[in-house]
Amino acid sequence: MTFLRKRFLEDLQLHGYSPRTIDAYVRAVRQLSEHYQKSPDRITEEELRQYFLYNKNIRKWSRVASTISLCGIKFFFEKTLRQEWTTFKLVRPPKEKKLPPILSLKEVRSILINTKMDYHRACLTAIYSLGLRLQEGTHLQVADIDSDRMFVHIHRGKGNKDRFIPLPERTLQILRQHWQTHKNPHLLFPAPGRGQIHMPTTDKPMPKASIQNAFRMAVQKAKIIKSVSVRHLRHAYAVHLLEAGVEFRFVQEYLGHSDPRTTMIYTRLINKALANPVSILNSVMADL
């Protein structure tokens, strides 16, 4: 490891970024370096300007990809190299006003029923019924489940924030049934490995790609034409709770949003015909 890379990693760690964010920022600077085939500390401001233009006009990067690249490179130049360049004040990925597609209760149920493997279905069920991000779901620990208080403790979510989420009774039953199949002392969703023989002892969580592939196949089998991925289960969770009459501030807390404006988008997607807030999540999983 070069001195510059080591210094960059240390700066990111001192700033308190999560390992996932650190990986993304390091990758952004590496991509910049590979683009010009030279060390990033030798790149000029004009080259940096042209790189961002190239990503926007030629590569046509999405707003998310552009933002991650900008934040990582900006941190490297401003914090590690102490370069205060005007270019960073000009580069701003345009805000998107697109609304995500929302899966109905019937569609969520159909996806879960059509998930082929039981351990994939159990993980996707937890992701939907707890409103989790994909990594939060795959990394769930046995100790995170408080069956006495019927809450799940999410540790170090996005922004390194902890939060508590209500645990539906049916979800608890599904998680218990799933745990009985492997009895790993720590992980709820251990990596199955070849023949699933390592599930009781492994310390590696189920690969995210495995869940993504299982979800994609279930969507196809359920004949759902909406362009959705695993993260849309979290969107559905938020909308379904709001439709059920759950107070906005609670939904914000369950999702782990610091800014209420992030949660506010879901209020534009709800069906005003409200259902029973106690039974809405259990109803989706009734046939599982």
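1. Two strands pair if DSSP finds at least two bridges between them. Strands here are DSSP runs (E, at least two residues), and helices are runs of H or I of at least four, numbered from the N terminus. Please keep in mind that this is a predicted model, in which local features need pLDDT of at least 70, side-chain atom pairs count only at pLDDT 80 or more, and totals for chains, interfaces and linings use all residues. Residues are numbered from 1 along each chain as its sequence is written, and side-chain values use heavy atoms, with hydrogens and water left out.

2. Let's begin with the hairpin. Strand β1 (residues 145-146) pairs with strand β2 (residues 151-154) in the antiparallel sense, over two bridges. Across this pair, I145 faces V152 in β2. Four residues lie between the strands of the hairpin, and M150 takes a positive phi near 60° there.

3. β2 has another partner: strand β3 (residues 163-166), antiparallel over four bridges. Here F151 stands opposite P166 in β3.

4. Now for a helix pair. Helix α11 (residues 231-243) packs on helix α12 (residues 248-255) at an angle of about 160°, with the axes 10 Å apart. α11 is therefore roughly antiparallel to α12 (angles over 145 degrees count as such). The contact (heavy atoms within 4.5 Å) involves R234, Y237, A238, L241 and L242 of α11, and F248, V251, Y254 and L255 of α12.

5. Finally, look at M264, in helix α13 (residues 260-264). M264 counts as partly exposed because its relative accessibility is 41% (buried is under 20%, exposed over 50%, partly exposed in between, with a 1.4 Å probe and protein chains only).

How values were computed
Axes are lines fitted to C-alpha atoms, for helices over the stretch in contact, and angles run from 0 to 180 degrees between N-to-C directions. Angles under 35 degrees count as roughly parallel, over 145 as roughly antiparallel, 65 to 115 as roughly perpendicular and the rest as oblique.
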